[in-house]
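The tour moves from one stop to the next.

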Amino acid sequence: MRILLVRLRLIGDVVFTTPVISALRRTYPDAHITYAVEPSAAPVVMSNPHLSNVLVLPVRRGWRRVLDDLRIGRRLRAQRFDLVIDLHGGPRSAWLTWATGAPVRVGYDVPGRSWMYTRVVSRPRTFRPRHAVENQWDLFSAAIDADVATAPDPERHPVEMTVDASSRSEALQKLQARGVPVDARVIVLHVSAGNPFRRWPEAAFATVAAGLATGADNRWVLISAGPSDRAAVTRVLDEARRQAGAAATRIVDAEGLSLTELRAVLDRSALFVGGDSGPLHVAATSEVPIVGLYGPTLPVRSAPWRPRRFATASVEDGPLLCRPCDQRVCTPGDFRCLTSIPAAQVLGAAERILEARR
């Protein structure tokens with residue numbers, strides 16, 4: 001049996017599909033399973049042991065995208081897939097699913113695109129307090145003709161991201177190059193998000209970084225961010241070091257770490273702190289304790305999906321009439337769902353976890 005999974009982008013959303021990957025492998029142990037993804041999120045699944053192949057699709061604009069997709073569509077059709085699951089639901093993923101010509105094509109009931117599937121799964125247009133992994137599981141259930149009531153369980157179906165030995169070695173070398181001792185308690189602080197609605201204020205991150213660094217002499221705080229947020233990292237580093245005084249040298253920049261290397265660092269870290277973005281969900285594929293910050297999104301939908309024995313704290317402001325939102329327009333205009341979360345509350349949650357694991 002030949003199976004194709006399509007989830008093109010967004011690191012966290014690709015992480016959320018990994019329980020489906022392992023479930024398909026258990027259901028069809030001899031199947032050839034291919035995963036189609038765009039480059040930015042490809043590291044999440046590149047070494048997944050349950051996949052037979054990862055197809056990394058080019059990302060170009062305009063007529064070049066059309067030519068790329070026509071070429072890819074012909075290539076996919078030639079592979080004669082028996083089952084295709086569109087875990088994305090966007091225009092490109094829907095078209096590629098249809099282009100395979102597979103006899104079973106599963107996707108969400110999205111207006112204007114549901115005709116491209118042979119099995120359509122209903123997806124409510126309004127918010128419902130249900131985790132994203134459970135939403136993906138609906139597609140898996142439809143694909144294998146299983147009762148949707150057989151829900152996924154983070155204890156038995158956790159998210160996954162495998163790290164190869166070379167990435168672990170490279171990550172260790174980069175930490176040593178920054179002066180981080182082998183026995184240090186590393187704390188990763190991720191200060192950016194692809195969506196501006198999910199960015200906690202830089203000043204608050206700086207205060208937390210300084211507080212964590214000064215809390216114990218063996219702590220090293222690693223500040224990470226996406227490539228587009230280098231200026232924000234510089235500002236957070238400068239302010240955190242100013243506040244940290246003698247501990248300033250133990251607040252370091254994670255620039256140069258790839259996503260896979262960051263994942264390797266998390267395996268030897270004491271804590272991860274960050275907003276509801278891709279790196280938080282990458283952290284969830286490890287055993288590192290997590291403090292997650294939630295503004296326009298809710299933990300009930302996107303909290304780390306992993307066994308409950310791994311320490312996790314979700315920090316949020318509480319109920320607001322505008323929360324959750326579609327993250328297109330901030331109705332109050334001040335992003336209060338995030339800006340009202342005090343640094344002291346996040347620092348307190350972090351210290352409680354660190355103390356419990358000391």
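Start at Q327. Its relative accessibility is 16%, so Q327 counts as buried; buried means under 20% relative accessible area, exposed over 50%, and partly exposed in between, with a 1.4 Å probe and protein chains only. Before going on, note that this is a predicted model, where local features need pLDDT of at least 70, side-chain atom pairs count only at pLDDT 80 or more, and totals for chains, interfaces and linings use all residues. Residues are numbered from 1 along each chain as its sequence is written, and side-chain values use heavy atoms, with hydrogens and water left out.

**Backbone stops**

Stay on Q327. Its phi is near 60°, a positive value in a residue other than glycine. Q327 sits in the loop between β12 and α13. Helices (H or I, at least four residues) and strands (E, at least two) are DSSP runs, numbered from the N terminus.

Now select R323 and P324. A cis peptide bond joins them, with omega about 0°. P324 is also in the loop between β12 and α13 (336-339).

Jump to L10, in the loop between β1 (2-6) and α1 (11-16). L10 is not a glycine, yet its phi is positive, about 75°. Why stop at such places? Most residues other than glycine have a negative phi, and most peptide bonds are trans.

**The sheet**

Next, show the strands in the order β9-β8-β7-β10-β11-β12. These six form an open sheet with parallel pairing; two strands pair if DSSP finds at least two bridges between them. From one strand to the next, the twist averages 20°.

Zoom in on β7 (residues 185-190) and β10 (residues 269-275). They pair in the parallel sense over five bridges. Select I187: its bridge partner in β10 is L271.

**Helices across the sheet**

Select α8 (residues 202-214). It lies across β7, β8 (219-224), β9 and β11 (290-294), at about 155° to β8. Contact means heavy atoms within 4.5 Å. Axes are lines fitted to C-alpha atoms, for helices over the stretch in contact, and angles run from 0 to 180 degrees between N-to-C directions.

Then pick α10 (residues 259-266). This helix lies across β7, β8 and β10, at about 135° to β7.

**Last stop**

Finish at V66 in helix α4 (residues 62-78). Is V66 buried, exposed or partly exposed? V66 is partly exposed, because its relative accessible area is 49%.
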